[in-house]
Amino acid sequence: MSYKDLFLTPEPLITFVKEDIKPVANIFGVPFDATSTFRPGSRFGPNAIRQAYMNIEIYSPFLDVDLESLSILDLGNLKLTSNVDEMIYSVGKVVVEMVRDEVTFGVLGGEHTLTFGTYLSVPRSTALIIFDAHLDLRDEFAGLKLSHATFLRRLTERIGTDSIIHIGSRAASSGEWKVADKIGLSLISIQTIYTIANSGKLLSDFLNDFENVYVSIDLDVLDPSFAPGVGNPEPDGLSVHKLLEFLYSLKKRIIGFDIVEFTPLYDNGTTAVVAAKLMNELMGLSYLSQSNKRS
Ligand SMILES: [Mn+2]
């Protein structure tokens, strides 16, 4: 071993690689925010989540999983581009390889548009669980057909709505609510969560027919008091605890996940550690689902 190996680290990459253990997940960042229309800066999200991750406790008492004793492979960030089609194409190709290699992947955004690329590249037996304040169902926004405000419209045009459930919904134009109704998008809106005692049951019922899940967390699903550093903050959101409750209820294999819309420029440090914690618990859940320890 040289002093270079001894004293230098490849930070900000997450450096929990153990050569003899298959990684719980492959992590990569997508520093893309070219279609942001309000508060830009989610391109700085991936590295800020990594930095927070290296500074929180990663043993999960709830799951009894210690990621420190396991292995996480951090593959770095997608090459810089401001072309949305190129970003979608590259992300999709990377995900196809990970699905082929049967490794759970975790994507750090970046803006929500990236989910269009990731989800189209997973097997169709995979349910998409979207946590988001916004419906993202506009036909176009600010002159763009594919953007953070329209990605779900484009996705449903391609694959319909049968495999998609949207949780925490509370912000959209009146036209978008009508579109959601017309295309039959399953919603667990914030109102439903507040008025129904066990909204987790609605999620588990929806997932009955699916083998795998892909979890997409737009951090603005959380109340801005928990997660102020997002591109489009929206009041009256979920608590971190409630979001974790939904995640902990998942019993299906997690094929992949993303955590998007984190904008460190507007953060006070809170959103970064929340994102890091969510990533940790999603990896813990992935590990348990891989080893069939949850059923
Ligand atoms: Mn959103």
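1. Start with the open sheet: 9 strands in the order 1-5-2-6-11-10-7-8-9, with mixed pairing. Its edge strands, each pairing on one side only, are strand 1 (15-16) and strand 9 (186-188). Strands here are DSSP runs of E, at least two residues, and helices are runs of H or I, at least four, numbered from the N terminus; two strands pair if DSSP finds at least two bridges between them.

2. A word on what you're looking at: this is a predicted model, where local features need pLDDT of at least 70, side-chain atom pairs count only at pLDDT 80 or more, and totals for chains, interfaces and linings use all residues. Residues are numbered from 1 along each chain as its sequence is written.

3. I165 has S186 in strand 9 as its bridge partner.

4. Now look at helix 2 (residues 45-53) and helix 10 (residues 270-290): their axes, lines fitted to C-alpha atoms over the stretch in contact, come within 8 Å and cross at roughly 75°. That makes the two helices roughly perpendicular (65 to 115 degrees).

5. Which residues of helix 9 (residues 240-248) are buried? They are K242, L243, F246 and L247, buried meaning 20 or more other C-beta atoms within 10 Å of a residue's own. What covers them includes strand 7, strand 8, helix 7 (190-195), helix 8 and helix 10.

Definitions and conventions
Axes are lines fitted to C-alpha atoms, for helices over the stretch in contact, and angles run from 0 to 180 degrees between N-to-C directions. Angles under 35 degrees count as roughly parallel, over 145 as roughly antiparallel, 65 to 115 as roughly perpendicular and the rest as oblique. A residue is buried if 20 or more other C-beta atoms lie within 10 Å of its own, exposed if 12 or fewer, and partly exposed in between; C-beta atoms are placed from the backbone. Two residues are in contact if their C-beta atoms, placed from the backbone, lie within 7 Å.
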